[in-house]
Amino acid sequence: MINKMKLPYAYDALEPHIDAQTVEIHYEKHHQTYADNLNKALESHPDHKDKSLEELVKGYKELPSELQTVVRNNGGGVYNHDIYWAIMSPDARKEPEGKLKEAIEKKWGSLDEFKAEFKKKALGQFGSGWAWLVKDGDGVDIVSTPNQDNPITDGKEPLLGIDVWEHAYYLKYQNKRADYVDSWWEVLDWAKVEERM
Ligand code: MN
């Protein structure tokens, strides 16, 4: 049985950047549905029931063919949202420090330049998906994934990720994905991201 993470703050904690209604529906309905669908599928595959969520998402291509799509979409859905909620905070530290700061500056020159590149990737993801900062070998990189795919399946460790499905921002931002991305930095907690390094 795979459970989604417990939301570490109240629905309205990320206001005004992410509104309470969006957090409630996103966490209680979308995230829960991914967990329910995953668990339902695993019930009929007892051989795979004891795997961790990370193992399932990382290695979904090795699963029996009838499990692959459901784990890719719903296992990925649970895993991605677990990361998303965990790296946001109402009292976010706004800048990286230490090794992560060094890695970002080495790759992009500055935090602002990284944010500009990340925004391009988030806006360039056609339709539903995610943009990620990943650990790739010794360095860091930006990637985007469609739907609920996660870079861990390609051997890259996700450090932070923004959900750019419309359900993540439409109530407050409507079609303005760029405004959501800009605002998201206010609740992204670099201290939580560093814990994932
Ligand atoms: Mn979502």
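1. The side chains of Glu194 and Arg93 form a salt bridge with an N to O distance of 2.9 Å; the term denotes a side-chain nitrogen of Lys or Arg within 4 Å of a carboxyl oxygen of Asp or Glu. Glu194 belongs to helix H8 (residues 190–195) and Arg93 to the loop between helix H3 (65–86) and helix H4 (98–108), so the pair ties together parts that are 101 residues apart in sequence. Helices (H or I, at least four residues) and strands (E, at least two) are DSSP runs, numbered from the N terminus.

2. This is a predicted model, in which local features need pLDDT of at least 70 and side-chain atom pairs count only at pLDDT 80 or more, while totals for chains, interfaces and linings use all residues. Residues are numbered from 1 along each chain as its sequence is written, and side-chain values use heavy atoms, with hydrogens and water left out.

3. Arg93 also takes part in a network of salt bridges with Glu97 and Glu194. With a relative accessibility of 24%, Arg93 counts as partly exposed; buried means under 20% relative accessible area, exposed over 50%, and partly exposed in between (1.4 Å probe, protein chains only). The structure holds 9 salt bridges.

4. Another of these pairs is Glu186 with Lys94, whose closest N and O atoms are 3.5 Å apart. Glu186 lies in the loop between helix H7 (177–184) and H8, and Lys94 in the loop between H3 and H4, so that distant parts of the chain, 92 residues apart, are linked. Glu186 is partly exposed at 36% relative accessible area, and Lys94 is partly exposed at 39%.

5. Lys107 and Asp141 form a salt bridge with their closest N and O atoms 3.8 Å apart. Lys107 is in helix H4 and Asp141 in strand S2 (residues 139–146), so this pair ties together parts 34 residues apart in sequence.

6. The manganese ion has as protein donors His26 (NE2), His81 (NE2), Asp163 (OD) and His167 (NE2), at 2.0 to 2.1 Å. Donors are N, O and S atoms within 2.8 Å of the metal (3.2 Å for Na, K and Ca); water is not among the atoms, so sites may look incomplete. Along the chain, the donors follow the spacing H-x54-H-x81-D-x3-H. His26 is buried, at 2% relative accessibility.

7. His45 lies in the loop between helix H1 (20–43) and helix H2 (53–58). His45 counts as buried at 15% relative accessibility. Leaving aside residues up to four places away in sequence, His45 touches Pro64, Glu66 and Leu67, contact meaning heavy atoms within 4.5 Å.
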